[in-house]
Amino acid sequence: MRNELSKFFEEILLLHIKTNITNGKIEGMNSKLRGFTKRAFGFKTSKNLKITIFIALGKLNLTPA
């Protein structure tokens with residue numbers, strides 16, 4: 001089991017070195033979504049949660065033109 005984990009982490013590390021890609025952006029978005037869902041218990045419908053997520057993560061400009 002330990003040997004398999006070492007191989008797995010070695011492959012992940014080598015892949016990161018080759019591509020310079022991390023999952024940081026995905027983890028950040030996941031963290032924000034979890035925060036929204038915690039606050040969503042006060043919403044009356046799931047539609048309100050979706051609207052909140054789209055406004056926050058979609059970076060919509062809601063200022064009048």
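## Nonpolar patch and aromatic pair

L5, F8, F9 and I12 make a nonpolar surface patch of about 400 Å². Patch members have over 30% relative accessible area and no salt bridge; nonpolar side chains (Val, Leu, Ile, Met, Phe, Trp, Tyr) are joined within 5 Å, like charges within 9 Å. A salt bridge is a side-chain nitrogen of Lys or Arg within 4 Å of a carboxyl oxygen of Asp or Glu. Areas come from the Shrake-Rupley method with a 1.4 Å probe, and for residues only the protein chains shown count as cover.

This is a predicted model: local features need pLDDT of at least 70, side-chain atom pairs count only at pLDDT 80 or more, and totals for chains, interfaces and linings use all residues. Residues are numbered from 1 along each chain as its sequence is written, and side-chain values use heavy atoms, leaving out hydrogens and water.

L5 sits in helix α1 (residues 2-19). Helices are DSSP runs of H or I, at least four residues, numbered from the N terminus.

Exposure is classed as buried under 20% relative accessible area, exposed over 50%, and partly exposed in between.

| Residue | Relative accessible area | Class |
|---|---|---|
| L5 | 41% | partly exposed |
| F8 | 45% | partly exposed |
| F9 | 53% | exposed |
| E27 | 43% | partly exposed |

The structure holds one aromatic pair. F8 and F9 form it edge-to-face, 5.4 Å centre to centre, with 65 degrees between the planes. Rings of Phe, Tyr and Trp (its six-membered ring) pair if their centres lie within 6.5 Å; planes under 30 degrees apart are stacked, over 60 edge-to-face, the rest tilted.

E27 lies in helix α2 (residues 24-39). E27 and K50 are 23 residues apart in sequence and 19 Å apart in space, C-alpha to C-alpha.

Conventions. Helices (H or I, at least four residues) and strands (E, at least two) are DSSP runs, numbered from the N terminus. Buried means under 20% relative accessible area, exposed over 50%, partly exposed in between (1.4 Å probe, protein chains only).
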